[in-house]
Amino acid sequence: MLDETIVTETPPLYSRYGHIGEQVRVPITGNRAKRILHGAINVRTGAVELLITEHWTKETHQAFLTMVRSRWRGWNVVLFEDRASQHKSPESRAWAERLGIEIRLLPKATPELNAMDHLWRHAKREAVGSRATITVEESALAVCRHIIGQRPRDRLRQAGVLSGNFWLTK
C-alpha cells in the first residue's frame with residue numbers, strides 16, 4: 001500500500017486542556033510551509049519505506065517508486081494507490097512498469113481501503129497532534145521516527161491489516 005500525507009506548520013488539534021473559564025492558547029505561525037510524507041507499507045511483513053519532500057509531483061512520486069523497488073529488490077511488488085494525478089500520470093505508470101512494479105488503483109474516495117492512510121492518521125496524532133510545531137521539518141521527521149520506531153506488528157495493527165476485516169485478506 002502506498003500513500004502520501006501532508007504535514008503543515010499548524011498541528012492537528014485532537015485535544016487541548018486548559019483551566020475552566022480560560023481561553024486555551026493555540027500557537028499558529030501563519031507560515032504555510034508543508035512537507036509531503038510518502039510512505040509504503042508491506043501488508044505481509046509490516047516493513048515500511050518513507051520519504052519526505054517539499055513538493056508532490058509526478059517526479060517525486062517516481063523517485064519514491066524507485067526507492068520502493070530498491071527496498072524490495074527481487075520481490076514481485078504490487079502497489080495499491082489512490083487515484084491522485086501523480087499516481088495516474090502516464091509517465092508514473094510507465095516508470096512503475098519499467099521498475100517491474102505492478103500498480104493497482106483503489107476505487108475513488110476510499111481512504112479506508114488504504115492501510116498506509118490509517119498508519120498516517122495514528123502516527124500524526126501521536127507524533128505531532130496537539131503540540132506546538134518547532135519547524136515543519138521537525139514535525140515531518142517526528143512522524144517518520146514514530147513509524148520507524150514501531151515494531152512491524154504494531155504498524156500492521158495500526159494500519160488495520162490485523163483487524164480480521166482487512167479487505168485484502170477476505
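## Burial and surface

In this predicted model, 43% of the 170 residues of the protein count as buried.

The protein carries 26 positive and 18 negative charges. The mean position of the positive charges and that of the negative charges are 4 Å apart.

## Fold and dimensions

The protein has six helices and five strands. Along the sequence these elements follow the pattern β-β-β-α-β-α-α-β-α-α-α. The radius of gyration is 17 Å, close to the 15 Å that the globule rule gives for 170 residues, so the protein is as compact as a globular protein of that length.

Taken along the principal axes, the box filled by the C-alpha atoms is roughly 60 × 35 × 30 Å. Among contacts in the protein with a separation of 6 or more, 67% join residues 24 or more positions apart.

## Nonpolar cores

The largest nonpolar core consists of 25 residues. Within this core, Ile41, Met116, Val143 and Ile147 have the most contacts. At least two residues of the core come from each of strand 2 (34–41), strand 3 (48–53), helix 4 (115–127) and helix 5 (136–148). Helix 4 gives the most, with six residues.

Ile41 illustrates the packing in detail. Leaving aside residues up to four places away in sequence, Ile41 touches Met1, Gly46, Ala47, Val48, Ala115, Met116, Leu119, Arg155, Leu156 and Ala159. One of these partners, Met116, is itself among the residues with the most contacts inside the largest core. Another core, of 13 residues, lies apart from the largest one. Its members include Val77, Leu79, Ile101 and Ile103.

The relative accessibility of Thr133 is 17%, and because buried means under 20%, Thr133 counts as buried.

Thr133 and Thr66 are separated by 67 residues in sequence. In space, the distance between Thr133 and Thr66 is 31 Å, C-alpha to C-alpha.

Notes. Residues are numbered from 1 along each chain as its sequence is written. This is a predicted model: local features need pLDDT of at least 70, side-chain atom pairs count only at pLDDT 80 or more; totals for chains, interfaces and linings use all residues. Side-chain values use heavy atoms; hydrogens and water are left out. Helices (H or I, at least four residues) and strands (E, at least two) are DSSP runs, numbered from the N terminus. The radius of gyration is taken over C-alpha atoms; the globule rule is 2.2 Å times the number of residues to the power 0.38. Buried means under 20% relative accessible area, exposed over 50%, partly exposed in between (1.4 Å probe, protein chains only). Contact means heavy atoms within 4.5 Å. Lys and Arg count as positive and Asp and Glu as negative; His and the chain ends are not counted. The place of a charge is taken as NZ of Lys, CZ of Arg, CG of Asp or CD of Glu. A nonpolar core is a set of buried Ala, Val, Leu, Ile, Met, Phe, Trp, Tyr and Cys residues joined through side-chain atoms within 4.5 Å.
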